[in-house]
Amino acid sequence: MSGINEFIENEVKTNDVVLFMKGTPQFPQCGFSGQVVQILDYIGVDYKSVNVLADAEIRQGIKEYSNWPTIPQLYLKGEFIGGCDIVREMFQAGELQQHFQEHGISVRGAA
Ligand SMILES: N[C@@H](CCC(=O)N[C@@H](CS)C(=O)NCC(=O)O)C(=O)O
Ligand code: FES
């Protein structure tokens with residue numbers, strides 16, 4: 001396994017929620033990444049973010065890791081959830097919040 005794969009695996013296994021994105025939550029560098037940040041902030045979950053624009057190897061490596069061609073990529077407990085479209089659709093259906101809760105992640109307004 002390459003060093004990049006190990007780095008990615010470590011990130012997604014040691015942090016409950018990880019968002020691979022362009023830019024930072026404070027300053028997203030792309031609207032797709034920004035949308036996922038807004039949804040996660042609205043739901044009120046804590047998450048680790050990784051800026052793929054800071055490292056070309058991570059930008060490429062994360063696509064191979066998940067077999068998904070684009071950024072952003074959201075992970076929950078080591079599992080790839082999806083990109084912007086999937087996250088938005090799940091959020092609008094109330095499924096994202098439910099999914100987090102089912103995995104023991106506290107969300108805003110939940111007991
Ligand atoms: N429909 C995608 C939108 C994300 C997307 O198209 N990302 C592009 C542009 S930011 C991307 O990551 N391209 C490959 C790259 O920039 O490395 C989703 O649901 O996440
Ligand atoms: S950086 Fe251009 S669409 Fe995301």
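**A guided reading**

Guide: The label follows from cut-offs: under 20% relative accessible area is buried, over 50% is exposed, and partly exposed is in between, using a 1.4 Å probe and protein chains only. This is a predicted model, in which local features need pLDDT of at least 70 and side-chain atom pairs count only at pLDDT 80 or more, while totals for chains, interfaces and linings use all residues. Residues are numbered from 1 along each chain as its sequence is written, chains are lettered from A and ligands numbered from 1 in the order in which they are written, and side-chain values use heavy atoms, leaving out hydrogens and water.

Visitor: Where does K77 lie?

Guide: K77 sits in the loop between strand 3 and strand 4 (79–82).

Visitor: How many helices and strands does the secondary structure of the chain come to?

Guide: There are 5 helices and 4 strands. From the N terminus on, they run α-β-α-β-α-β-β-α-α. The chain's radius of gyration is 13 Å, close to the 13 Å from the globule rule for 111 residues, so the chain is as compact as a globular protein of that length. That radius is taken over C-alpha atoms, and the rule is 2.2 Å times the number of residues to the power 0.38. Along its principal axes, the C-alpha trace spans about 40 × 25 × 20 Å.

Visitor: What percentage of the 111 residues in the chain is buried?

Guide: Buried residues make up 40% of them. To see how the chain folds back on itself, look at contacts, meaning heavy atoms within 4.5 Å. Among contacts between residues at least 6 apart in sequence, 60% join residues at least 24 apart.

Visitor: Is E11 buried or exposed?

Guide: E11 is buried, with a relative accessible area of 8%, and it belongs to helix 1 (residues 3–14). Leaving aside residues up to four places away in sequence, E11 touches V18, F20, K48 and V50. With K48, its side chain makes a side-chain polar contact of 2.5 Å. A polar contact is a pair of N or O atoms within 3.5 Å; within protein, one must be able to donate a hydrogen and the other to accept it, and residues adjacent in sequence count only if both atoms are side-chain atoms. The backbone oxygen of E11 is reached by the side chain of N15 at 2.9 Å. N15 has its place in the loop between helix 1 and strand 1 (17–21).

Visitor: Which residues are around ligand 1?

Guide: A residue is near a molecule if one of its heavy atoms lies within 4 Å of it. Around ligand 1 we find K22, C30, F32, R59, K63, P69, T70, I71, P72, G83, C84 and D85. By class, this shell has 6 nonpolar, 2 polar and 4 charged residues. Ala, Val, Leu, Ile, Met, Phe, Trp, Tyr, Cys and Pro count as nonpolar, Asp, Glu, Lys and Arg as charged, and the others, Gly among them, as polar. Helix 3 (56–66) and helix 4 (84–92) each supply at least two residues of the shell.

Visitor: Which atom of R59 lies 2.7 Å from an oxygen atom of ligand 1?

Guide: It is a polar side-chain atom of R59. For C84, a backbone N or O atom lies 2.7 Å from an oxygen atom of ligand 1. A polar backbone atom of D85 is 2.8 Å from a ligand oxygen. Taken alone, ligand 1 exposes 500 Å², and the protein buries 75% of that. Such areas come from the Shrake-Rupley method with a 1.4 Å probe; for residues, only the protein chains shown count as cover.
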